[in-house]
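Please look through the sequence and the structure before reading on.

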Amino acid sequence: MKNVDDAPLILVIEDDAAILRGLTFNLEAEGYQVRTASDGASGLSILESEEPDVLILDLMLPEVSGYEICQKLRDEGRDTPILMLTARGEETDRVLGLDLGADDYVTKPFSIRELLARVRALVRRHRKALKLPEEILIGDLVVDFRRYEARRGEENAGEVVTRSALLTEVWGFDRLPTTRTVDNHIRSLRSKLEPDPSNPRYLLTVHGVGYKLVV
């Protein structure tokens, strides 16, 4: 992991050579370090040894798709900010990308000023998160930010399951579920499991991550 005082590192995975050149030029002009890949497999290879501040990710890539890259990072528990590049009007692409854990998107053709503004916002958020401790102690209570858990002594319950994991395991990666698919099924489960579904005690939401079952 690089020092947070270094120039932010942006990884761009894009198979359109003209877009890749333009992004590289403008990002470097803003003072960012830039790594690039023109296919999904090469991008994953870079991600094995690098932790970028922002990943700019085209969804339709050769070798390994942007969807698969996004899903792999989130299933590994990596919180790399992901900015998707999608074709104009392809709402299904954006919905699935966001459900798999992407943070933001821009549609092609895009305004470079807008893209740079979104990158700056994601970099600020990521750099702020890097300064947080992995866990803090409050008396005998341990708050673990890595696992999204709070435990006292050996008492601990619940494992966070990401939305992307639910989408993959339950519906399959290629089913293209809508943005409300998981939410509707969680609502249905709560109506059966919870004494008061509007105030759940067992099937809990971990905001921005997924869900966990506490028994």
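A contact means heavy atoms within 4.5 Å. The model is predicted: local features need pLDDT of at least 70 and side-chain atom pairs count only at pLDDT 80 or more, while totals for chains, interfaces and linings use all residues. Residues are numbered from 1 along each chain as its sequence is written, and side-chain values use heavy atoms, with hydrogens and water left out.

**Confidence**

- pLDDT, the predictor's confidence in each residue on a scale from 0 to 100, averages 81 over the protein chain.
- A score of at least 70 is reached by 74% of the residues.
- Over residues 1–5 pLDDT stays under 50, and the model has 12 contacts beyond four places in sequence for them.
- Where pLDDT is low, the predicted coordinates should not be read in detail.

- Helices (H or I, at least four residues) and strands (E, at least two) are DSSP runs, numbered from the N terminus.
- Leu27 sits in helix H1, which spans residues 17–29.
- Relative accessible area sorts residues into buried (under 20%), exposed (over 50%) and partly exposed (in between), using a 1.4 Å probe and protein chains only.
- Leu27 is buried because its relative accessibility is 0%.
- Leaving aside residues up to four places away in sequence, Leu27 touches Ile10, Val12, Tyr32, Val34, Ile56, Leu116 and Val119.

**Helix H4**

- Helix H4 covers residues 91–99, and its buried residues are Asp93, Arg94, Val95, Leu96, Gly97 and Asp99.

**Salt bridges**

- A salt bridge is a side-chain nitrogen of Lys or Arg within 4 Å of a carboxyl oxygen of Asp or Glu.
- Side chains of opposite charge can pair when their charged atoms come close.
- The whole structure contains 11 salt bridges.
- One of them joins the side chains of Arg120 and Glu30 at 3.5 Å, N to O. Arg120 belongs to helix H5 (residues 112–130) and Glu30 to the loop between H1 and strand E2 (33–37), so the pair ties together parts that are 90 residues apart in sequence.
- Both partners are partly exposed: Arg120 has a relative accessible area of 33%, and Glu30 is at 42%.
- Asp104 and Arg118 form a salt bridge at 2.8 Å, N to O. This pair links distant parts of the chain, with Asp104 in strand E5 (residues 104–108) and Arg118 in helix H5, 14 residues apart.
- Asp104 is buried at 17% relative accessibility, whereas Arg118 is partly exposed at 27%.
- Arg118 also meets Glu114 in a salt bridge of 2.8 Å, N to O. Glu114 and Arg118 are 4 residues apart in helix H5, so about one helical turn separates them.
- Glu114 counts as partly exposed, with a relative accessibility of 36%.
- Glu51, Lys72, Glu76 and Arg78 are linked in a network of salt bridges.

**Nonpolar surface**

- Patches are made of residues with over 30% relative accessible area and no salt bridge; like charges are joined within 9 Å, and nonpolar side chains (Val, Leu, Ile, Met, Phe, Trp, Tyr) within 5 Å.
- Accessible areas come from the Shrake-Rupley method with a 1.4 Å probe; for residues, only the protein chains shown count as cover.
- Leu189, Leu193 and Leu213 make a nonpolar surface patch of about 270 Å².
- Within this patch, Leu193 lies in helix H7 (residues 181–193) and is partly exposed, at 47% relative accessible area.
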